[in-house]
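Biologist: I am new to this structure. Please show it to me, and then I will ask about it piece by piece.

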Amino acid sequence: MDNIFWAFLWFIIIGGVFGVILAAASYIFKVPEEDERTKKVREALPGSNCGGCGYTGCGSYSEAVVKGEAQINKCTVGGKETAAEIALIMGKNSDKIDVEKYRAQVMCSGTNEYSRKKYIYAGATDCLSAVKMGGGDKLCPNGCIGKGSCVTSCKQNAISVKEGVAYVDYALCIGCGACVKKCPKYLIKLIPYKASYWVGCKSNQKAVQTKESCDVGCISCKLCEKSCPSNAIKVNDFVASIKYNECTGCGKCVDVCPRKIIWSGKTHTRGPIIKLNGKETDI
């Protein structure tokens, strides 16, 4: 009888100890309840999980917004409407909130007809592999490799390779920046969606070297810089670049460029300029 008593007693003691341990563990490791606003912000976001806001996805961005760690206008995909909806959820004034829309732009015009090759590449069909072979097959060290690593990174199917150069379809691009991160030569930039003009070259070689490697590379002649009434275009490190927030869209830089590589976002929409039967055309 005594054995049964002691066994029962020990059973109660051990059960009590384990119960206390489990209760303490459940308290220590308790998952905090999600702020109701986090769910609402997440639902307001487009759900593309592109990372353009600087966070891994819409979920982590919504948590950061509610915690006050992120601004409410970081979602360029959703734009001003999404920012206004988030502002309403967070109890903030949306009147002065502005979200500038961006698009990806490939800063290279060196298509197959214009650029010269160092060798014939027959390896893996991705830029990350090709760049290991002397920086790619093009003679220009800053020329687009054209093997499509940016293409595979784009969930929106907004980028393709035409005649050896990557090309962005503005209508499909959401400005997430996935292609920007993927390009091993850093040729793709996010520029304002409404940018009037952009320079289709990133070569920082001297004019003599540029002419040897590409028929359309920037030769840093500075004619564009001298013609700009708003000082919005400058030549630095042997290549021209535009300050988009200062550009008035007058187009004078386009008229004077001897290499014809300052493109208009309004006309340069169907594809890169190439030579066909000795004539220039876009594809």
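**Contacts, charges and rings**

Modeller: Among contacts in the protein chain between residues at least 6 apart in sequence, 58% join residues at least 24 apart, where contact means heavy atoms within 4.5 Å. This is a predicted model, in which local features need pLDDT of at least 70, side-chain atom pairs count only at pLDDT 80 or more, and totals for chains, interfaces and linings use all residues. Residues are numbered from 1 along each chain as its sequence is written, and side-chain values use heavy atoms, with hydrogens and water left out.

Biologist: How many helices and strands does the protein chain have?

Modeller: Helices (H or I, at least four residues) and strands (E, at least two) are DSSP runs, numbered from the N terminus. On that basis the protein chain has 10 helices and 10 strands.

Biologist: What percentage of the residues in the protein chain is buried?

Modeller: Buried means under 20% relative accessible area, exposed over 50%, and partly exposed in between, with a 1.4 Å probe and protein chains only. The protein chain has 283 residues, and the buried share of them is 40%.

Biologist: How many salt bridges does a search of the whole structure find?

Modeller: Side chains of opposite charge can pair when their charged atoms come close. A salt bridge is a side-chain nitrogen of Lys or Arg within 4 Å of a carboxyl oxygen of Asp or Glu. Searching the whole structure gives a count of 3.

Biologist: How many residues apart in sequence are the parts tied together by Asp 215 and Arg 116?

Modeller: Asp 215 forms a salt bridge with Arg 116, with the closest N and O atoms 2.7 Å apart. Asp 215 lies in the loop between α8 (207-213) and α9 (223-227), while Arg 116 lies in the loop between β1 (102-106) and α5 (127-130), so the parts they tie together are apart in sequence by 99 residues.

Biologist: In the salt bridge of Lys 117 and Asp 137, which residue counts as buried?

Modeller: The side chains of Lys 117 and Asp 137 meet at 3.4 Å, N to O. The pair links distant parts of the chain, with Lys 117 in the loop between β1 and α5 and Asp 137 in the loop between α5 and α6 (149-153), 20 residues apart. Lys 117 is partly exposed at 43% relative accessibility. At 7% relative accessibility, the buried residue is Asp 137.

Biologist: Is the ring pair of Tyr 55 and Tyr 61 stacked, edge-to-face or tilted?

Modeller: Rings of Phe, Tyr and Trp (its six-membered ring) pair if their centres lie within 6.5 Å; planes under 30 degrees apart count as stacked, over 60 as edge-to-face and the rest as tilted. The count by this rule is 1 aromatic pair. The centres of Tyr 55 and Tyr 61 are 5.8 Å apart and their planes stand at 45°, so the pair is tilted.

Biologist: Is Tyr 61 buried or exposed?

Modeller: Helix α3 (residues 58-67) has several buried residues, including Cys 58, Ala 64 and Val 65. The buried residues of α3 pack against α2 and α4 (79-90). With a relative accessible area of 1%, Tyr 61 is buried.

Biologist: Over the ring of which residue does the charged end of Lys 101 sit?

Modeller: A charge sits over a ring if NZ of Lys or CZ of Arg is within 6 Å of the ring centre and within 35 degrees of the ring normal. Arg 103 lies over the face of Tyr 170, at 4.1 Å from the ring centre. The charged end of Lys 101 is 4.4 Å from the centre of the ring of Tyr 193.

Biologist: How far apart in space are Cys 250 and Tyr 197?

Modeller: Cys 250 lies in the loop between β7 (239-242) and α10 (252-256). Not counting residues up to four places away in sequence, Cys 250 touches Tyr 197 and Pro 229. Cys 250 and Tyr 197 are 53 residues apart in sequence, and their C-alpha to C-alpha distance is 9.5 Å.
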